[in-house]
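Here is a friendly note to read beside the model. Please keep the structure open as you go through the points.

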Amino acid sequence: MASDSTLPDFNKLWNYGKPDETEAAFQKVLPIAQAPGNVDYLLQLRTQIARTYGLRRRFEESHSLLNEVEGQLSAKTPIARIRYLLERGRTFNSSQKPGEASPLFLQAFELAQSAGQEFHAVDAAHMLGISEKDEASLSWNERAMEVAEGATDQKAKGWLGNLYYNTAWTYHDMGQFEKALDLFEKGLAWRLVQGRVKPTLIAKWTVARALRSLGRTQEALDRQL
C-alpha cells in the first residue's frame with residue numbers, strides 16, 4: 001500500500017456496517033498520513049474517507065473530497081489514482097448513476113491490471129458486474145472470478161466467496177440453474193476451506209436451493225436437513 005512499511009494499514013480499520021465509526025478511525029490516522037513523503041498513502045486514505053460518505057448517502061461530500069484528491073494525483077500516486085477511480089465510480093453508482101460509474105470502473109480495472117494490483121483489479125471488475133446490466137454484468141462477474149482465481153495475492157482471492165455467490169444468483173434468476181448450482185458448489189468448497197461457520201451454512205443452503213430449482217427435491221431436502 002505504501003513504500004514505508006511502518007505506516008499503519010488503514011484498510012484493516014474498515015467496518016462497512018458502521019461507516020461513521022470507520023471514518024472516525026481513519027481521521028485518527030490522518031496526522032501520520034500528512035507527514036512529508038506519504039502523498040500516495042494520504043490520498044488513498046482520503047479516498048476511503050470519501051467512501052464512508054458514500055455509504056451514508058452523503059454524495060456531495062464524497063464528490064467534494066474526491067475532487068480534492070483528483071487535484072493532487074500524479075505519476076507518483078499510481079495506487080491512489082486507482083482507488084480514486086473506484087470510489088468516484090462507487091459514489092456515482094450508489095447515487096443511481098451507473099452510466100457515469102462504469103467508465104471509471106473500467107479505467108480502474110485497466111490501471112490495476114497494468115500495475116499488477118490484483119485486489120483492485122478484482123474490485124473494479126466486480127463493480128462493473130454491478131453497474132452493468134444483463135450479459136455485460138455476467139461477463140464482468142466472470143472476468144472478476146477469472147482474475148481472482150488466477151491471483152497470487154491472497155487478498156484478491158478473498159473476493160471469490162462473494163463472487164461465486166453473487167454470480168450464481170444472477171444465473172439462478174435467469175433460470176440457468178445448472179450454472180447456478182456449479183457456482184454455488186464452488187462457493188461452498190471455498191467457504192469450507194475458510195472455516196467460518198455462518199457463511200458456510202449459507203453456502204450449504206444455496207446449493208440445496210439450486211437443487212430444488214432443478215427438481216432434485218429429495219437431494220435438496222437431504223442437504224437442508
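1. Let us begin with Pro8, which is partly exposed, with a relative accessible area of 28%. On this scale, buried means under 20% relative accessible area, exposed means over 50%, and partly exposed lies in between, using a 1.4 Å probe and protein chains only. Pro8 sits in the segment before α1 (19-33); helices here are DSSP runs of H or I with at least four residues, numbered from the N terminus. Between the C-alpha atoms of Pro8 and Lys179, which are 171 residues apart along the chain, the separation is 42 Å.

2. A word on the basis of these values. The model is predicted, with local features needing pLDDT of at least 70 and side-chain atom pairs counting only at pLDDT 80 or more, while totals for chains, interfaces and linings use all residues. Residues are numbered from 1 along each chain as its sequence is written, and side-chain values use heavy atoms, leaving out hydrogens and water.

3. How do the axes of α2 and α4 cross? Helix α2 (residues 39-55) and helix α4 (residues 78-94) have axes that come within 8 Å and cross at roughly 10°. That makes α2 roughly parallel to α4, a label for angles under 35 degrees.

4. The largest pocket has a volume of about 750 Å³; a pocket is an open set of points on a 1 Å grid, where a 1.4 Å probe fits, with protein on both sides within 12 Å along at least five of seven lines, and lining residues have an atom within 4 Å of a point. Of its 26 lining residues, Asn11, Tyr16, Phe119, Lys155 and Trp159 are the closest to the centre. α2, α4 and α6 (118-131) each supply at least two lining residues, and the largest share, five residues, comes from α4. The lining divides into seven nonpolar, eight polar and 11 charged residues.

5. The second largest pocket has a volume of about 190 Å³. It is lined by 14 residues, with Asn162, Tyr165, Arg191, Pro199 and Ile202 nearest its centre. At least two lining residues come from each of α9 (160-173), α10 (177-194) and α11 (197-213), and α11 gives the largest share, five residues. By class, this lining has seven nonpolar, four polar and three charged residues.

Key:
Axes are lines fitted to C-alpha atoms, for helices over the stretch in contact, and angles run from 0 to 180 degrees between N-to-C directions. Angles under 35 degrees count as roughly parallel, over 145 as roughly antiparallel, 65 to 115 as roughly perpendicular and the rest as oblique. Grid points are joined across faces, edges and corners, and a volume is the space filled by probe spheres set on the points. Ala, Val, Leu, Ile, Met, Phe, Trp, Tyr, Cys and Pro count as nonpolar, Asp, Glu, Lys and Arg as charged, and the others, Gly among them, as polar.
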